Amino acid sequence: MPRRLTAFTPSGELHLGNYFGAIEPLVRQQLPGETVVFVSDLHALTLPHDPAEVHRRTVRFAALLLACGVDPTRSLFAVQSQVPEHTELHYLLECATGYGQARRMIQFKEKSARGQQVRLSLLSYPVLMAADILLYRTDEVPVGEDQRQHVELARDIATRFNASYRPVFTVPRAVNPPVAARIMDLATPTAKMSKSIASPGVLRLLDSPDTLRHKVMRATTDGGTEVCYDPERGPGVANLLTILSACTGVAPARLAETFRGYGELKRAVADAVVAVVEPIQCRYTELVRADLHELLAAGAAAARELARPTVLAAKEAIGLLPAAHTPRDDRGGHAHGGKSGPSVASRA
């Protein structure tokens, strides 16, 4: 089975779109030894931030992911900054990456073009993201189109490093995430829900049931009174039907046939959303009251054990260590070769 990696940066607040788009498919498909999940707190430092808030959100994200069903017995689950191999490999990869290539990455390109004062980390964090991926000999990274560029950079760096020194890294590939509901902002149904943009139309996983109901009942709808699933001409109603479909597993067009008006639809959506979120919130409360330190420390230790052979192989290849017997990885292959040697594929 291919090893898959998913990371969540603790900026903003996780919402219903994150749950159905990324978390729920991940939970459904997690497999021991082949699923890597981590909270990428180092990526939250690229912009001005409150240090205490970064820590609070890191713990909150970890607890929420566990509450949603991420299982440390079936997935490797850790916090990025607790695994120093991430930053160690990051520097080695910077030594194999051109400035021009990093400068073309979209966030740095956009913010520097606007004349904003940017941190050096905004330029280099895509290389850290490549290190995140390559560290665990990842085969597949489920990403949307907006993140595909980062996986392409990881592929380029891995291929160049393997050719310049010796084969060390598995060359990853971007894969489309499992088909999931595309949840839009309730106030602006032509835009996706956002973790970081404040909007009254975002259904956050930690919103109280009353708040969730209030937001749904105030959702933007369309002209007319007929409930029908037409994303082009009626995005507001279509979004409500999409949310209800994600919660119940019934197709949106079929659901539309069962409602006579917008008020009835909104009440059904509110009930369904609360039914999905309340159990998550109950588990989250239990986890937050408990001490997550031991669980996260165990995850970090397991991550370091898996990551260390990759870093040693990279240091040996680049000239920092003498040539030596490379430890064998957990799949029975050499640490530098994944299952049976690196998959140095041509760029897609």
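Me: What does the accessible surface of the chain come to?
Reply: The accessible surface comes to about 16,400 Å², and carbon and sulfur atoms hold 54% of that; areas come from the Shrake-Rupley method with a 1.4 Å probe, and for residues only the protein chains shown count as cover. This is a predicted model, where local features need pLDDT of at least 70, side-chain atom pairs count only at pLDDT 80 or more, and totals for chains, interfaces and linings use all residues. Residues are numbered from 1 along each chain as its sequence is written, and side-chain values use heavy atoms, leaving out hydrogens and water.

Me: How many helices and strands are there?
Reply: The chain has 12 helices and 5 strands, which are DSSP runs (helices H or I, at least four residues; strands E, at least two) numbered from the N terminus.

Me: How many salt bridges, then?
Reply: The structure holds 17 salt bridges, each a side-chain nitrogen of Lys or Arg within 4 Å of a carboxyl oxygen of Asp or Glu.

Me: Which side chain does E85 meet at 3.0 Å?
Reply: E85 forms a salt bridge with R304 at that N to O distance. The pair links distant parts of the chain, 219 residues apart: E85 is in helix α3 (residues 85–94) and R304 in helix α12 (residues 293–318).

Me: Is E85 buried or exposed?
Reply: E85 is buried, with a relative accessible area of 1%, whereas R304 is partly exposed at 37%. Buried means under 20% relative accessible area, exposed over 50%, and partly exposed in between (1.4 Å probe, protein chains only).
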